[in-house]
Amino acid sequence: MLNLGAGPDAGSDLIKDTSEATFMADVVETSAETPVIVDFWAPWCGPCKTLGPALEDAVTKAGGKVKLVKIDIDQNQMIATQMRVQSIPAVFAFVNGQPVDGFMGALPPSQVIEFVNKVAAMGGEGGGGLEEAVAAAQEMLDEGAVADAAQTFAAIVQEDPSRADAFAGLVSCYIAMDNLDQARGMLDTAPDEIFDAPELAALRAQLDLKQAAAEAGDTADLRAKLETDANDHRSRFDLATALLASDQTEAAIDELLELFRRDREWNDDAARQQLFKIFDSLGPKDPLAQSGRRKLSSMIFA
């Protein structure tokens, strides 16, 4: 662990001091190859003496996937002003020459490690590095850290726009944030080489279902209508949509299968088309999709 007052070892490539004269080379240019975390500190700053070593330790353990550059604001006030540093410690992450994340104030060691690992995932050299970055971003999304996942996916897409998994991950983040218009816009303008990728087809189906579900009626009212008339196909279709809105996917599939059984031609084959959208949104390996497809096939070929 390094002493803030003494500064990092001059021979260390992962952790170094910089100045206004070397900022472009040490931060902007270097971040085109490897993500760089910039730590603004001062010798008189108490919290800096805790955060600095924690950052250094986490960066060292990242094994070269991220670098740390330290800036003494007393000696480099112009940079601090340009970065709008209002208090210290202040930390910024740079990827491809641009600041992409940051925080002010001290953090507990666990959050420092999480921040460093997230920044490290934004870089990656070659396919292996990007694979790790996509996996890290997906883990963030699965754990509910949607904003962090979106930043990581966006950095990967900027690095390689043809990665369908990263592109789909970013769209998934917008859907999770209920920013459906932006999600739709991304899907509509996806690069030609990945436009028809299965991941994006699944998200288009998911988005169609979400937007339809937003207009769904009340399940109790719709069930009451079906009790009065079991052949009220519109109410059954709307019930399936309402069930999807409340995450009752299996029940929604059952209602659509029943509608198809009663009248497969209703509303230009609406039940089958809606079932396909659900199956596509779930993915080919999902048990509900597999079971639903088998049931639908048995009806079609009966």
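Predicted model: local features only at pLDDT ≥ 70, side-chain atom pairs only at ≥ 80, totals over all residues.
Local features were taken at pLDDT of at least 70 and side-chain atom pairs only at pLDDT 80 or more, while totals for chains, interfaces and linings use all residues. Numbering runs from 1 along each chain as its sequence is written, and side-chain values rest on heavy atoms, with hydrogens and water left out.

Aromatic rings come up first. Searching the whole structure turns up four aromatic pairs; rings of Phe, Tyr and Trp (its six-membered ring) pair if their centres lie within 6.5 Å, with planes under 30 degrees apart called stacked, over 60 edge-to-face and the rest tilted. Helices (H or I, at least four residues) and strands (E, at least two) are DSSP runs, numbered from the N terminus. Both Phe23 and Phe94 are buried, where buried means under 20% relative accessible area, exposed over 50%, and partly exposed in between (1.4 Å probe, protein chains only).

Phe103 and Phe115 also make a pair: their ring centres are 5.0 Å apart and their planes stand at 90°, so this one is edge-to-face. Phe103 counts as buried at 14% relative accessibility, and Phe115 counts as buried at 6%.

A charge gets in on the ring contacts as well. Arg204 lies over the face of Phe195, 4.1 Å from the ring centre; the rule asks for NZ of Lys or CZ of Arg within 6 Å of the ring centre and within 35 degrees of the ring normal.

Most residues other than glycine have a negative phi, and most peptide bonds are trans. Ile88 and Pro89, though, are joined by a cis peptide bond, with omega about 0°, and Pro89 lies in the loop between α3 (77-82) and β4. Asp178, not a glycine, has a positive phi of about 65°. That residue sits in the loop between α7 (164-176) and α8 (180-188) and is exposed, at 58% relative accessible area. Asn267 is not a glycine either, yet has a positive phi of about 50°; Asn267 belongs to helix α13 (residues 266-282) and counts as partly exposed at 40% relative accessibility.
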